[in-house]
Structures are given as structure tokens and as C-alpha cells.
Amino acid sequence: MKQTLKISSAHNEKVKFLQELQQKSAVRRETGLAVVEGLREMGHCLRAGYEFHSVFFCPPLIGEGAMRSIDGYGCKCYEVSREVYEKVAYRGSTEGVIAIVDQKRIMLADLSLSEHPLIVVLESVEKPGNLGAVLRSADAAGADAVLVCDPLTDLYNPNLIRSSIGAIFRVPCVACASGEAIDFLKGKGIKILTAQLQDSELYYDTDMRCGTAIVMGTESTGLTNVWREAADAHIRIPMNGELDSLNVSVSAAILLFEAVRQRN
């Protein structure tokens, strides 16, 4: 294997840097780098055209086929001991491979939309696990993009990458201000549908066959007035129990696949 160096100490500077990237969003912002763990996620990342800086792998934990595939990443490779890998592994599983990659900053102007785009908009969603799950649903539904407005977590949080199972690399995801997103959607003639309980109609009674943006807020506070006032329609999922809301990722899946149903 080309350019392979061995690391046996968790105090190695490269290992410390890998841990900083995992743990500190400020370091990810400053360096423009991210950590990707797992062969499936790394495969999505590679096919999406991300540049790999380095790969850390533990031979006892990965198969021979995976060992051969590491050469395809075209970067420096570091063989680490099991002790070091267990120190840096974000997952509880033992896939045995972690990479440092360049981030991609996608802007609204970079988006390539279909004739009748389907877009998910999330306002101030804080939990990276929820955002990752929404990205999985967006990928499954064939959504054109996910807009993360006024974000409270960075798009390359390791838990987001893990929960999205690499969908962050497959679905165009833009972090922007709510005002920018509203101007963009209205400029493209895309109908804005806000998910809210008040002054709303049932989601399956709303036409989603045209260009549609499904907008959701946090479970605790919902959407701000800027989105409610910008909406072309307000929609709701019927709640027949005592609780009045679903997890945002569950709501996103329900609404996305209603759009898919209507379009098929």
C-alpha cells in the first residue's frame, strides 16, 4: 500500500488532530475539514467528488477487500493499532477505517433543480441526529435539496454524518439564513408549505405536484413568524393521540413521501 505510515500511540499529533476535528465544530470551521467514519459513508463521499486528505485504518478490524479499496482514496494512509483506533472511533462498531476529507460549501446559487423541485427546509434544527435522519428521507424521496436555515449545528458534525449514513454527501445541503432561502424559493416560483398546527389544512389535501418546499421548525418552538408569513399554505399531520407533535425527522418522511405519492 502506497504512502502507509504506522501509528501506535494515541498521543501522536495526527491522532490528536483527528480527535479535535471530531469533537470541535470550531476546528472543523477553521480548517474546512471533516471526519468520515465507515466504508459505506466513505464510498458515498468518494463518489460525490470529495477530496480525501488522509485515511486511518486498523488491519485487524477490516477485511482484505476493504484493505485493497483504501488505495483508491489517493491520499496518505496511516495504519493504527487497535488501541489507537478504539480511542478515535466515534462509533461503537469496529469497521476499522476513518478518513479526513475536505468539506464542500454549497450555496443556493449552486443548486441544480429539477423541473418541479422538491425541497426540504429546516429552521434552527439543533440535533445533528435529527438532521441526519431527515437527509436519509430526502435521499430516499429523491428530493432536490435540503436547506438548513439559521443552523444550530454544523453540517459536518460526526453524529450528523453517522445518522445520515452518508446522505449528507448525496443530497445537496445548503446552510443559509431564512431570508435568503425565502427569496430563493419565491424567485424560483417554488410553493412554500409550512408544517404547523395553527391555521392549517391536512397535508394530503394540499397539492405538492408543483415545485414544493416543505418547511419545518423545531419540535419545541416550531417555526418563526418569518416562515409562517412567507408561506403559500400551512399544512399539518393529523394527531389523534394526546401528543401534538412528531419528531421532525418522522414528520419530514411523512410529508416527503406524500409528495412522492402525488407525483407518481
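How much space lies in the second largest pocket? About 160 Å³, and we'll get there at the second stop. First, some housekeeping. The model is predicted, so to speak of local features takes pLDDT of at least 70 and side-chain atom pairs count only at pLDDT 80 or more, while totals for chains, interfaces and linings use all residues. Residues are numbered from 1 along each chain as its sequence is written, and side-chain values use heavy atoms, with hydrogens and water left out.

**Stop one: the largest pocket**

Select A195, Q196, L197, D244 and S245. Of the 23 lining residues, these are the closest to the centre of the largest pocket, which has a volume of about 430 Å³. (A pocket is an open set of points on a 1 Å grid over the protein atoms alone, with protein on both sides within 12 Å along at least five of seven lines; lining residues have an atom within 4 Å of a point. Volume is the space filled by probe spheres set on the points, which are joined across faces, edges and corners.)

Helix 10 gives the most, with three. (Helices, H or I of at least four residues, and strands, E of at least two, are DSSP runs numbered from the N terminus.)

**Stop two: the second largest pocket**

Select S124, V125, E126, K127 and N130, then G217, T218, E219, S220 and V248; together they line this pocket. Colour by class and you get two nonpolar, five polar and three charged residues. (Asp, Glu, Lys and Arg count as charged; Ala, Val, Leu, Ile, Met, Phe, Trp, Tyr, Cys and Pro as nonpolar; the others, Gly among them, as polar.)

**Stop three: the cavity**

The whole structure has one cavity of 30 Å³ or more, where a cavity is a set of points at which a 1.4 Å probe fits but cannot get out. Select V35, E37, Y90, P158 and R162, the closest to its centre of the 10 lining residues. Strand 2 (33-37) and helix 7 (158-164) each give two or more residues to that lining.

**Last stop: the cysteines**

C75 is buried at 8% relative accessibility (buried means under 20% relative accessible area, with a 1.4 Å probe and protein chains only). For C58, the closest cysteine sulfur, in C77, is 14 Å away. The whole structure has zero disulfides.

Notes: A disulfide is a pair of cysteine sulfur atoms within 2.5 Å. Buried means under 20% relative accessible area, exposed over 50%, partly exposed in between (1.4 Å probe, protein chains only).
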